[in-house]
Amino acid sequence: MAEKQKGGTGMKGSRMLRSLASLRLTEALLFLIAFLCVVATVIPQMPYRPTEGLPPAERLIMVLSLRDVFHSLWFMAASAVLALNLLACMWVRMRWRGADRGMAMPATALCEVRMPEGSDPVRVAEGLRRLLSARHAIIDHEGGPSPVVVMGERGRLRRFAPLLVHASIFLILLASALAFTGFKGTMEIPEGTDLDVVTLYDGNHRHLPFSIRCDRFGIEYYESGMPSEYRSELSFLDKGTMLVQSPVLVNHPVSYRGILFSQSGYNQHFEATLTVKGPDGAQRISAGQGAVFEIDGAEHSVHVLRVMEDMMSMGPGVQLLIEGPRERHMLWLFGDISRISQQYPGITDKVPQFNPSLVKPFTFSLDGVSRRTTTILGVNRDPGMPFAAAGALLFTIGVIMIFLMVHERVWATIDDGQGGITVRLAMKRNGKTVPVDVHVCNQVKGLGSSHS
């Protein structure tokens, strides 16, 4: 009873495995994936939407939405089931090969040759081996209604081509799944400084286990003045210690610890050097546009609104917004205010915003404006890339084997009955039974004679 129950469970599992490996399921999944790809071309896609801080219900809606097809539950589920389908197909095929069912001689498309009277069975067998060995590897095998004396085979490696194609598609699906564990984003690093934060495409931030310093950024120009090449000299640092130095150019990325860094662009900023004199002494500050710093023990905050090399045709200038406990002031600083005052007498009285001592008890001065370049790096970590490359290689090899190689088997049986010796031949090519070549049948007729 227990054996019967065990056998029933095994049959049920075998049926489930064959259902999972069915070609109809493969076709349905491929149709669904193709349909989703069409949907992705029709419906405007919004990938990399911010998810930080969203409640679980909104995240579920995003996963079910078709506004980001390739990150949706529909696409991921179809790909996962297709991967299981491929694994089941490979398992069934390997079991089929392991049972060696392909060794059975076909019962159709036989070529029967009646040998002349007096033919020697031993000579016939030796002649068959000699005849078939010209194009096939000879395998002696016993089976079927008559003893199979000779079986020839060539192109045996082609049997594994479908397995290679199935395995390649599975590896590509695995690579796409692993891509979800990676990230994509950008880093904007000022020349001479280091950074370890990546701004992801979905608006979030990610810290790297190391930092990157832009030692130097260079631009080459065409004769027309258009940029021809960007080049960043990068240093990869671990707790301030330099580990690797490498240049990054457009279309020439560099990989470090499985993360790909590519040259995406650059920005040029102006940075002002300011001196603030107060009751406690002078404070020297370097700040770019958008920077905020504090003075007077955090009683006043200074916002750098604009930094220009030539402000209102009066040379380098900075626009500041100074916020105190009770008042706010807009202040314009120029690099050579004394020359401007000589050129326009009384200008600081007529335009108080030009007066460096407008905010008491401080006096601001602009020491200079310098141009600073920041390099913009594209950052991409894709753990599935090696699997995708291996899958593409296996797929190419498998397709080449399928189209350029021929797997052929030839069976020959010798039936030494009362009516004489009869040789039966059968052939399979690429898994399909095909008629035996008439020329081979004619050659078989001459075997076993004394002159053969």
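This is a predicted model: local features need pLDDT of at least 70, side-chain atom pairs count only at pLDDT 80 or more; totals for chains, interfaces and linings use all residues.
Residues are numbered from 1 along each chain as its sequence is written, and side-chain values use heavy atoms, without hydrogens or water. Local features need pLDDT of at least 70 and side-chain atom pairs count only at pLDDT 80 or more, whereas totals for chains, interfaces and linings use all residues.

Helix α10 spans residues 438–445, and its buried residues are Val440, Cys441 and Val444 (buried means under 20% relative accessible area, exposed over 50%, and partly exposed in between, with a 1.4 Å probe and protein chains only; helices are DSSP runs of H or I of at least four residues, strands runs of E of at least two, numbered from the N terminus). Seen down the axis of α10, these residues fall within an arc of 100 degrees, taken from the directions from the helix axis to the C-beta atoms, and so line one face of the helix. The face turned away from the buried side carries the exposed residues Val438 and His439.

A search of the whole structure finds 13 salt bridges, each defined as a side-chain nitrogen of Lys or Arg within 4 Å of a carboxyl oxygen of Asp or Glu. Among them, Arg154 pairs with Glu408, the closest N and O atoms being 3.2 Å apart; Arg154 lies in strand β3 and Glu408 in strand β17, so the pair ties together parts that are 254 residues apart in sequence. Glu408, which counts as buried at 2% relative accessibility, also forms a salt bridge with Arg429, with the closest N and O atoms 2.8 Å apart.
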